[in-house]
Amino acid sequence: MLNGYKTTRDSTSSGVDRRQVLKGGLVLGTGLVIGLRLPRRSLAMTEASGQGGELVANAFLRIAPDDTVTILSKHIEFGQGSFTGLATILAEELDADWARVRVEAAPADASKYANLFFGVQGTGGSTAIANSWEQMRRAGAAGRALLVAAAAEAWAVPTAEIEVRSGVVSHAGSGRSARFGELAERAAALAESSPVAEVELKDPKDFTLIGREGLPRVDVPAKSRGEASYTYDLALPEMLTAVIARPPRFGGTVGSVDAEAARSVPGVVDVISIPQGVAVLAQGFWAAKKGRDALAGKIEWDESAAEKLGSAEILAEYRGLLDQAGLEARKDGDPDAALAGAARVISADYEFPYLAHAPMEPLDCAIHLRDGSCDVWAGSQLQTVDQGVIAGVLGLEPQNVRLRTLLGGGSFGRRATPTGDVAGEAAMLAKAAAATGAKGRPIKLVWTREDDIRGGRYRPLTVHRLQAGLDADGRLVAWTHRIVSQSILKGTPFEAALVQDGIDGTSVEGARQLPYAIANLRVDLHTTEVGVPVLWWRSVGHTHNGFTTETFFDEVAHAAGRDPVEMRRELLQDHPRHLGVFATAVEKAGWGEPLPEGRARGIAVHESFSSFVAQVVEVELDDRGMPSVKRVVCAVDCGIPINPDIIRSQMESGIGYGLGAALYSEIRLEDGRVNESNFNNYRSLRIHEMPEVEVHIMPSSENPTGVGEPGVPPIAPAVANAYFALTGKRVHSLPFRNLERS
C-alpha cells in the first residue's frame with residue numbers, strides 16, 4: 001500500500017522486496033527520524049535560490065529499530081549511481097554499517113530537497129554529488145551526534161569517550177555498546193528536545209566508505225532480481241493506459257478526427273483530443289496502441305504553423321550565417337588583427353546533426369486526479385517543474401500534486417524537460433478524462449520509442465567555423481570560433497538565469513572556456529529560430545564544442561609542424577588539472593610506443609561540469625573504412641572520488657554513448673518529418689563494438705564533482721584525431737557513417 005494505493009507489483013512480489021521496505025517504514029514511528037537544521041552556508045544557498053529565508057528542517061535519514069538505515073535521495077536514480085553516491089557520503093559521516101543502508105527516493109518537495117545549485121528539485125548537469133556533498137555529510141554527522149548523545153545519556157558517560165564504528169556505538173570504559181537501532185527511540189526523543197545545529201565533520205584521512213573499492217551499489221540487488229519498479233511497471237487498480245497519435249510535423253495540431261474505428265477496438269475506453277494530438281485510453285498498452293493504429297488516416301492535421309524544413313535546408317541557412325558576426329560570448333585581445341597579421345591562417349567548418357536521447361525505458365507518467373489533488377508517479381528529473389506544470393494544468397496548488405519519483409530507465413537529459421512535456425500531457429489527459437467515462441481512473445501515459453524519436457526533443461543541429469592564426473615560428477596567435485545553433489533555454493523557466501546578453505550558455509559551453517593559452521581569442525554565437533524542439537543531450541554543448549576545439553587544435557598543431565601532444569602540454573601550463581589527466585592518459589596509453597600495423601592513436605582532453613577527462617584511443621579501420629575503436633585509456637579528475645567503481649562505470653558509459661553517437665547517430669528531417677524511428681535506424685553502439693576501456697582516477701582533495709556526463713565529450717574528437725593519423729583525412733561532420741556515403 002502506498003498512500004491508499006496498492007500496486008500489482010506490491011501484491012505479487014515476494015522475498016526482500018518493496019513491501020518489506022514499506023513495512024519497515026511503518027515502524028518508523030518508534031524509530032528515529034532526524035530533522036536536520038541546515039548549516040548557515042547551506043541555508044544561504046537555499047535562500048539565494050529562492051527557496052525561503054527560514055531555517056529549513058531537512059529529512060535525509062531514518063534509522064529503524066531493526067538497524068535499517070534509510071537514506072532519502074533528493075536525486076533520481078536512472079542508472080548513474082546517485083543513490084549509492086549520496087548514501088556513501090551520508091553513511092560515511094554517520095559511521096553506518098553499509099550492509100544496513102537502504103535508499104528511497106525523496107518526495108517532490110523543493111522546500112526540503114532542492115538541488116542547491118538549481119534552487120529547485122532536479123537532477124542534471126552532473127550536479128547530484130557536487131551540490132549534495134556538504135549537505136549529506138552534515139546530515140550524516142547530525143545523525144551520529146544524536147546517537148552518541150543518546151548513548152551518553154543512557155550510560156551516564158561523557159560523549160567524548162564514545163566511539164561509533166560500522167553501526168555500533170560503544171564506550172570502552174564501561175564496556176557498553178549498542179547498535180543504532182537500539183538507540184533509535186532515545187535519539188528520536190533527543191531530536192525533538194534539542195535538534196542538532198552544528199556538527200563536526202570527519203577529516204578525510206579517516207574516511208572508510210568514501211573512496212573504498214568494491215563498495216556494493218544499493219540499487220543493483222533489486223534490479224538484478226527484477227524487483228525494482230519503474231513507471232512502466234506501475235499497475236494501479238482500474239488504471240488506463242494512454243498513447244497519443246501525434247502530428248507528423250512539429251507544430252501541427254488536430255484539425256478533425258474520426259474516432260469511430262478506434263473506439264471499436266476491444267479494450268479502448270475513450271478517445272480524447274488534446275493540444276498534442278489524439279489520445280487513446282484503453283485497458284492496457286496493446287489495446288491503446290491498436291486503437292491508435294485504427295486512427296491512421298482518420299485525423300486531419302492542421303499544419304499551417306508546422307515546421308516544414310528538412311535538415312538540408314536548415315543546414316543551408318546555418319551555413320549562410322557563418323559569414324556574419326554573431327554575439328560575442330568571449331573576447332580576449334584583438335583576434336581580427338592577429339588573424340590579419342598571421343603568417344598562416346587555418347580554417348575549418350563543422351556540422352553536427354540533431355540527436356535523440358533514446359533512453360531504454362520509454363517516457364511515461366502515471367496520474368490519478370481526485371477532488372482537489374492528484375497523485376503522480378514518474379521518473380522525473382525535474383520534480384519541481386513537473387509538479388508546477390501539472391498544478392497549472394489542473395488548477396491545483398503545487399503542494400497538492402503528490403509526485404513520487406520512481407527509478408528511470410535511462411534519460412541522458414530527456415526526462416529533464418524545462419516545460420514538463422510528458423507530465424503536462426498526463427495532466428491534460430486526466431483533466432479531459434474527468435468529463436468522460438474514464439473519470440476518476442488512474443491513467444498511465446506511455447510514449448513509445450517511436451513517439452520519442454519521431455516527435456521528441458533533440459540535441460540541436462549546429463554548424464561551426466573555426467579559424468586559427470600561426471606566426472612565422474608556428475606559434476598559435478589567434479583563435480576564433482563561430483557557432484550557429486538553436487537555444488535550448490529560450491522560452492523556458494531557465495532563460496532568465498542561463499541566457500545572458502542573448503547568449504545561451506549551453507550553446508557555447510566548452511568553447512567559451514577554452515583553456516589553451518592563446519592571446520587573441522573570440523567565441524561568437526548565432527541563435528536561430530527553428531520549429532524543431534531541442535533539449536540538453538548528455539553533456540549538452542560540450543559534445544559539439546569539445547569535438548570542434550579538440551580536432552581543430554590537432555589540425556592546427558599539424559599545420560604548425562608541431563606534435564599535438566607537446567603543443568597541448570605547452571599551452572595548458574596554467575591549467576594543472578587539465579595537465580594532470582592529460583599526462584596520465586598519455587603515460588598509461590604508452591603514447592609514442594609502437595602499435596600494430598594499421599592501428600593509430602588519437603587524444604583529446606576536455607573539462608565539463610567541473611570534471612576533467614582525457615582519453616587516448618587506439619583505432620583501426622574496418623572493412624567499410626569506418627574507425628573501429630579497440631582500446632580507450634581514460635584519465636578523470638572529479639575531485640575526491642566517492643565511489644571508484646561508479647566513476648569507472650560512468651566513464652565507460654559515457655565512452656560507449658558518445659562513441660555510438662559519433663559513429664552512427666543522426667536525426668534527419670525531410671519536409672519537416674523525422675526519418676528515424678527506433679534503434680533499427682537510429683543506430684547506437686552494439687555490444688561487440690564496445691572497446692576495451694581503462695579508467696585511471698586522479699587522487700584529489702578537491703570537493704567532488706560529477707561523472708555522469710564528462711566521459712562523453714573527449715571520445716569523438718580522440719577518434720577523429722586517430723582517424724586522421726590513419727588516413728590523413730580530417731572529419732568535419734558527424735556521424736562517421738556518413739563517410740560511407742561520401
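Helix α18 covers residues 541-559, 19 residues in total, and stretches 27 Å from first C-alpha to last, close to the 27 Å expected at 1.5 Å a residue (the expected span is 1.5 Å times one less than the number of residues). Bear in mind that this is a predicted model: local features need pLDDT of at least 70, side-chain atom pairs count only at pLDDT 80 or more, and totals for chains, interfaces and linings use all residues. Residues are numbered from 1 along each chain as its sequence is written, and side-chain values use heavy atoms, with hydrogens and water left out.

- Helices here are DSSP runs of H or I with at least four residues, strands are E runs of at least two, and both are numbered from the N terminus.
- α18 is mostly covered, with 17 of its 19 residues buried (under 20% relative accessible area, 1.4 Å probe, protein chains only; exposed is over 50%, partly exposed in between).
- Just after α18, G561 has a positive phi of about 75°.
- V532 sits in the loop between β23 (520-528) and α18, and V532 is buried at 2% relative accessible area.
- Beyond its neighbours within four places in sequence, V532 is in contact with F250, E307, Y354, Y458, Q486 and L669 (heavy atoms within 4.5 Å).

**Strand β26 and its partners**
- β26 (residues 627-637) is mostly covered too, with 9 of its 11 residues buried.
- Strand β25 (residues 611-621) runs antiparallel to β26, joined by 10 bridges (pairing takes at least two DSSP bridges).
- F612 stands opposite D637 in β26.
- β25 and β26 make a hairpin with 5 residues between them, and G625 in the turn has a positive phi of about 85°.
- β26 also pairs with β29 (residues 692-697), this time parallel over 6 bridges, and C634 has V695 in β29 as its bridge partner.
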